[in-house]
Amino acid sequence: MRPLLSLVATLALVAICLASAASAQAPPATGPVTGPPATQEVSFVEGPNLVSLRVYPDDPSLDAIFHANADDIVLIKDSRGAVFAPSYGIENLTAWEWGQSLLVQARGAFTITVSGALIAPEAPVELEAGWNWIPYFLEAPAEVEDALVSLEGALERVEDGSGRAYPTTSGGPALTTLDPGRGYKVRLSEASTLLYPSAAPSPSMEVATIAEAIALTGLAPGQEVTVRGFRAEDDGGQGVLRVTESGCVPDGGTCFVPTEHTQAGEPYATAFNVTLYGSSIQWESFRLCHSTAGAPTDPTTTSGDGCYDAFQLHGHGGEKAGEKIFDPANGRVEINSPMRSFARKYDGNNSFDHTIEYRFSTSDLRLERIIEPVTLEQQTTTAYVRPEWWGARPDGDDATDAISWALESAETKAVATDTEHYVVLRGMYHYAGVIETQERTVLKGEQDGVRDGQGLRVKEGAPWHYWAVRDETDDAFSSPLSERDVLGSPMVVLRHGRKSVSDRIVDVEIDGNLEENDYVFDNQYRSAAGISTYEGFSMVDELLQNTAHWNGFVASHNTRDVPLESNSALINTHIHDFGGNILLSSDRCHFGNSKDILLGNSARNHIMYGVPTGPGTFINGIEIYGFSWKAPVEQYQGHYKNVVFRDIVTNPYPRLDPEILGLLEHRNTAPDPSVFFTPNEAHHFFGEDILIEGVTIDLRNASDNAIPTRNLIGYHRGPKIVRDVTVLLGEPGESNRYVTLVNSRGNSATPTSSFVLENAQIQGGGVSQINTSYAGNVRVTGLSVPDNTGGNEWGAVYQVRTQSPDGVFVFQAEGQQRAKRPLGIWMSEPGAGADVFLSDMDFINVDYPLKVEHFSMDAAARYRVFWRDVSFDRWRYGSSALKDIQYLQGVTNSSNGRTSEDEGALTSAPLSNGPNGRYVDVPVNLLWEPLDASYVTVGGASASRFTGWTNVGDEDKPVLRLTFSGTSSVSITWQAAVRPIPSDVVFPD
């Protein structure tokens, strides 16, 4: 029988462990720098064992590591006092932490074998002042002073788990060496970083480029090679490569196969897809050439060297959904139909064949880039790559291929490790083709919280190339088709990857470089390729309207290839100055969880189009500026908070006219199915809501002809809610600008299901129209139009239109309103009706407070207008039927002082005789006569003798004849109103 610790002794040990937690070091913030796969054996003796690992376990859980020896373990504890003792129900320590050692209390001797990745000797371990439990990472024993040289100056004492110490005191046993598998306690005078000396078998070498590095011979595992650049010294691709035997997948930037360890593949010709030797290709040697590797037979229509290299092939989607032309992880290359057609055109021999040249690895020996930790999004990480590692450089030549390869490498690493990987941009990189984001990748600016100056910029001349390769003329605007054009078409665009379900863009600027490419519009009719079949359109117009060419970020290109409900999160991203859409998406890709997006300046399309958010998510913080074609924003479905429009200007590149038709369009109609949907597929956003919370539209600096004349907020079918809108037309009291705030774009056959506008404030101007004529259910509340001084013909609020039988409109406008017709109602829609509430307005230059078009008694019966605390400089009520739909409280005529209510008192007033009894005439200061007998009430001592009243004055200068019975004089109080607001009507706040 094994000797057992008593329960009392064990629990006492646990208590001691827990009590020591306060003095222990913090756990490591990130994983270690690891190398190739490895195993390690660690032996234990009965009693306490202070042990560590130099291998990072494949499964670091203590259950997995000690699974075969569970009965041999009493407990395990770390330096913080956390304990693993399953037999006693204590498991607040669950996993092996690589940066510490552990104390294992064993019932007897045993040995474990741990498999995982070798921890690099130089992996940094952060230590605190005081006692720390450290691991030992070196392969062989080392003297204490040599092993812990990085702690020199702070090291006070070292102890092992058996009582030995360095330096020794009082003649105790001495600790002279540190051994693999053992752990140690060190006491420091100050916080320090532990770095074990490198175990490289020979000194590092230094070469100029990657090509020189892979040409080295005699490399051995553990050696390091410093490269000063990728293609040239100091081009940004510098770094240190370590020789390993990991057999990692060569990716052209972080893992390479030395040529000495490769063999040439047998060249062969094919017209179809190619599958090579799995993932072991040396991609620097790969070439896929047209069958004739010579000059093209028709130089005016084709260009290039007749071959594709591995750089050119990266980042382009294949013909089938979810596939790519280039798949380095599986050693597969697609030869698609455009490539075959181009081969025939290039060679002129009607052959589709391509010849493949390559080399493949013959061993697992590799050169792997050492990736130093950096801080991204306030976290230290090594999960990143840089475009410079594939030859790109900020403000250099076209970086499209290098960034595409970096993204694919990051995706491979992300999927393999189940960890997001970054592609870090340290400046502005030119691109001239298609770049696709990839699954679980983050396109990230190097500096946290900064976006401008780190990202992508369209290369000068790249947009025109789209049309130039289609030109049949031979002039400066024509360009022969090249291999690059065939792979991704001559488009220039950043788009959501075809296989990606989740990716992000963070702290990045994407610049369409309109300034250096606007000659596209100066020469849009210049060539045969620029002519469209549509009158008034050039091919430039047509393609920028209907394709993804020269767009900012697109998630709708060939959406059948995009996974349903995939998500691209844009965070602190600035996209601007493109010929086409700035931000475009279909229903398949959502942008929920995005925030702080700045968008501006589209020459021929919308600034924001589509861009749904998906269930339960929203975009928080969108700022729109500059110019666009028609409405800057057109949305179909989504939830948006804190939307700001500023510095809206007339489009300097107008197609037909410079008019801005609206700032914000909501749509619920399905787009062209051939562009956005697979036929017969469920339309994911069809019928869902638009919710926008917090909109600021700043037009104070906009020119007059840049003010939207038709609508600021327009909408198609589908329920829409817009809350908390501020429109700045000018400074308070100084502007003469008017906008159509809301305008429906539906029709009587397909009305919108509902529209809600809550809390809108207009500063420095007025509202010429709120048109909701085709809304099924309308509610407009909290509209404030202060100090409308411009003398607008149609007033602060005009054209209240609805198709709903129970619409609700609530308007208020503190300050003066200069308007001839403050309120206009359209009654043309059958069955429509609304309650309209207006308050806190002072109208000047009034013709009619209420103007009704298409009036009918049937329609009037369904409309009610409630005025409260409103003044007019004159009042014309129109027909008696219009008076019947208006209710007044606190309404005054500022020119004559007449009001909607009046009251007074009579004391011992004598009565006169009349045909209907005794009476007294009371002049009242009402706008017009009360419209119902109940609107005049009498109180006081003689109230019980009151029998009724009639108006004996003019209609708009009423004199009330009050009649009484059985008395010759009266003492009364009286109240009169034109048409008071009924007591059961609650005036909305």
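Which residue lies over the face of Tyr919? Arg961 does, at 3.9 Å from the ring centre.

## Model and numbering

This is a predicted model; local features need pLDDT of at least 70, side-chain atom pairs count only at pLDDT 80 or more, and totals for chains, interfaces and linings use all residues. Residues are numbered from 1 along each chain as its sequence is written, and side-chain values use heavy atoms, with hydrogens and water left out.

## Charges over rings

A charge sits over a ring if NZ of Lys or CZ of Arg is within 6 Å of the ring centre and within 35 degrees of the ring normal. Another case involves Lys641 and Phe618: the charged end of Lys641 sits over the Phe618 ring, 4.2 Å from its centre.

Phe618 is in the loop between strand 45 (608-610) and strand 46 (619-626). Helices (H or I, at least four residues) and strands (E, at least two) are DSSP runs, numbered from the N terminus. Phe618 is partly exposed, at 30% relative accessibility. Buried means under 20% relative accessible area, exposed over 50%, and partly exposed in between (1.4 Å probe, protein chains only). Contact means heavy atoms within 4.5 Å. Setting aside residues up to four places away in sequence, Phe618 touches Gly592, Asn593, Ser594, Thr613, His639 and Lys641. His590 is 28 residues from Phe618 in sequence, and their C-alpha atoms are 9.6 Å apart.

## Aromatic pairs

Rings of Phe, Tyr and Trp (its six-membered ring) pair if their centres lie within 6.5 Å; planes under 30 degrees apart count as stacked, over 60 as edge-to-face and the rest as tilted. By this rule there are 15 aromatic pairs. Trp98 and Phe137 are stacked, because their ring centres are 6.1 Å apart and their planes are at 25°. This pair links distant parts of the chain, 39 residues apart: Trp98 is in the loop between strand 6 (90-91) and strand 7 (102-106), and Phe137 in the loop between strand 10 (130-134) and strand 11 (142-143). Both Trp98 and Phe137 are buried.

Tyr384 and Trp389 are tilted, with centres 5.8 Å apart and planes at 40°. Tyr384 and Trp389 are both buried. One aromatic cluster is formed by Trp98, Tyr136, Phe137 and Tyr196.

## Salt bridges

A salt bridge is a side-chain nitrogen of Lys or Arg within 4 Å of a carboxyl oxygen of Asp or Glu. The count comes to 28 salt bridges. Glu97 pairs with Arg80, the closest N and O atoms being 2.9 Å apart. Glu97 is in the loop between strand 6 and strand 7, while Arg80 is in the loop between strand 4 (73-77) and strand 5 (83-85), 17 residues apart. Glu97 is partly exposed at 22% relative accessibility. Arg80 is partly exposed at 22%.

Strand 39 (residues 502-511) holds Arg504. Its salt bridge with Glu420 has its closest N and O atoms 2.8 Å apart. Arg504 is buried at 15% relative accessible area, whereas Glu420 is partly exposed at 23%. Asp507 and Lys444 also meet in a salt bridge (3.0 Å, N to O). Asp507 is in strand 39 and Lys444 in strand 36 (residues 441-445), 63 residues apart. Both Asp507 and Lys444 are buried.
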